[in-house]
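Here is a friendly look at some aromatic rings and backbone angles. Please have the sequence and the 3D view at hand as you read.

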Amino acid sequence: MNEVRRAAAALEIRGLDVYYGHSHALQGVDLSLDTGVFSVVGRNGMGKTTLCKAIMGLVPVSGGSIRVRGEDITRRPPAHIARLGVGYVPQGRRLWRSLSVDEHLRLAGGMRQGPWTVERIYETFPRLAERKDHGGGQLSGGEQQMLAISRALLTNPHLLIMDEPTEGLAPVIVAQVEEMLLRLGEDGDMAVLVIEQNIGVATTVSRNVAIMVNGRINRIIDSMRLAADRELQQRLLGVGLHAELTPDLDVPAASTETKSAPQPARPSGPIRIYISNPTPPTRWSQPAPIARIEAAARTLSTQVARLDDSARRRREPATSQPSGPPVVLVVGTLDTKGTELRFIRDIIAGSGLRTRLVDVSTSGKQATCDVSAQEIALNHGRGGSAVFGPDRGAAVTAMADAFANWLRRQGNVAAIISAGGSGAASLVAPGMRILPVGVPKLIVSSVASGDVGPYVGPADIAMMYSVTDVQGLNSISRAVLSNAANAIAGMAKARLDQREARDRSAATALPAIGITMFGVTTAAVQRIAADLREEFECLVFHATGVGGRSMEKLVDSGQIAGVVDLTTTEICDLLMGGVFPATEDRFGAIIRTRAPYVGSVGALDMVNFGPPDTIPERYRGRKFHVHNPQVTLMRTTAEENERMGRWIGERLNQMDGPVRFFLPEGGVSALDAPRQPFWDPEADAALFRALDRTVRQTGSRQLIRVKQNINDPEFASTIVGAFRALFGRAGARRRLVR
């Protein structure tokens, strides 16, 4: 009998139904978890927490069954379920404010014998050991979550259920929770069911992810596919829309008859706009009372009604249409930085340039400007209701999205400048990053003397330290802001003066191509660039995470006509947690633009870390090579190479343009060669097999094996010949204006 139980699934749910009154919260849920970590994701109100409570016996089950290690626990009392070996980390932590950390742990520690003891908890979470005498109400959010997880681990469960374990935590704490979940999955002592809204966490800690929609398991999907496909994430999990349903509009589009008919004069008074559901409906919603609809109605003058993209384009204010001569945008939060921004605006205007003052404040206060915050908010997918809310963090994020969307529609931006603190920089920087490289971009900020990577990203944004805070005009701030205003004016004028010369030279300019390089593929890149330099302008990008992003940004903006993506090593760091990771949109620009693409697996044999003492504990005992005191390289395994092969192959399948992807069987880097430290033909073979199995080859999309090492001259010649053939077929060398 014991052998049967050991072979049974850690958790098996069949046809589970749960009702709240007449509302059908869980509708025939089927789910099975054998070992490791399994994630369930979904939007609020989809039934995820109800699923956790049903497993733990905290809500009554109307139908179906729940089995843990083969034993039926349906309708058992929660205490009995816990004694059977089911641990629970509830949403909201549920700690006792008056009990100390140590008292919490001692209370939970006597339920079941096993490897988790109070001493091991203190070793795993040193911060709890430091705070052992503090009460639950004295802990930070991250410390409370550590304690809630530790309390569940001390029951030594066979099955651990975690409901929103990273909710409200700082990124550094989220990373610690991810690390712990990965260790639990690798140890194999328990199975873990993770309920999450954070897709990044869910896809990192588990191989497969279940999507929960309206009380059902909509589908189970490979985590790498979900992590890489933003369109799929939006379709299944997009905020404000029911999954896989067409959203209805709160403001109907005008018909063709309306467009052709004479327009009546606009009433002088405000126009009331009524929304039948002031809050997004759920499956158990009741009709909204008339008084509530009336209270939620807005006037047309606020311009914050929810619009979809097509309706917004038809109703967009004339000021947001790209027209007229080039303009310098002065952008910031006018409710707090109006004096400083107008000071900058006046200097730029005094130089003879046309300016527009743009407000991106989230307070809802009206300000005298050229483009109001309410007008910018129209460009958010859910309108002003998403921007002007009580949560400042959410409001800033929403306004940044709205501003980026608005900026995409501006075709006459000569330059852009902003001034403020970290909030203003985070509002404006995402929009600046979408502008083409070469458009002058300047942020004056008190954060400019620190780590500006999150603001600059792959763009050519310049940041100037404000010295004093951007708070009022004084002798220091006037000097700094004046320098910034004159700098952006000078850059804008120089670029406008050069435009005519660029137009004349465009007809004879060589088309630009991007080439990715790492230190261990330098020899190959040098040969390729030397062979192509007479026909192309070769732009080489160092594959350090931001390098790949910069290259793809130029592809998206039409400034690069083709790509020799020799070095895709950023995928290693993305999937294995290295320090030079790509984003999940790696290859996205090639997919969107269909640019000619020649790629390879350069440096996929290594994950990059910092000094040896910074390497994550889970990688201790692996094969390492110290590149320099600040960079330690870890050799990838066959299993990791197989994972990368599938990830890259799925992205290649989405490329509709001409694609040739080369597999160097003699090694993928200078270290992956006979008698070199990373030489491992079996690991390389696993990578190649995964690509062979995943890529759907066609006449335009081909995998090609080559016997040589990636740095051999013959391999470089093969790449050059393939690119020349592809680029000629793709459009006879498009001429680009940069």
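Phe536 is buried in this predicted model, because its relative accessibility is 2%, under the 20% cut-off. Phe723 also counts as buried, at 0%.

Aromatic pairs come next. In general, a pair of aromatic rings is described by the distance of the centres and the angle of the planes. The whole structure holds seven such pairs, and two of them are set out here:

| Pair | Arrangement | Centre to centre | Angle between planes |
|---|---|---|---|
| Phe403 and Trp406 | stacked | 5.9 Å | 25° |
| Phe536 and Phe723 | edge-to-face | 5.3 Å | 70° |

Where do Phe536 and Phe723 lie? Phe536 is in the loop between helix H22 (522-532) and strand E19 (537-542), and Phe723 is in helix H28 (residues 713-731), so this pair links distant parts of the chain, 187 residues apart. Phe403 and Trp406, in turn, are both in helix H18 (residues 392-408), three residues apart, about one turn of the helix. Phe403 is buried at 0% relative accessible area, and Trp406 is buried at 0% too.

Some rings also have a charged neighbour. The charged end of Arg586 sits over the ring of Phe587, 4.9 Å from its centre, and Phe587 forms one aromatic cluster with Tyr597 and Trp647. Arg120 lies over the face of Trp116, 3.7 Å from the ring centre.

Finally, the backbone. Most residues other than glycine have a negative phi. Arg69 has a positive phi, near 50°, and lies in the loop between strand E4 (63-68) and strand E5 (71-72). Arg69 is partly exposed, at 22%. For Arg675, phi is near 70°, also positive; Arg675 is exposed, at 81%.

Methods. Residues numbered from 1 in each chain as written. Predicted model: local features only at pLDDT ≥ 70, side-chain atom pairs only at ≥ 80, totals over all residues. Heavy atoms only, no water. Helix = DSSP H or I, 4+ residues; strand = E, 2+ residues; numbered from the N terminus. Buried < 20%, exposed > 50% of the residue type's maximum accessible area, 1.4 Å probe, protein only. Phe/Tyr/Trp six-rings, centres within 6.5 Å; stacked < 30°, edge-to-face > 60°. Lys NZ or Arg CZ within 6 Å of the ring centre and 35° of its normal.
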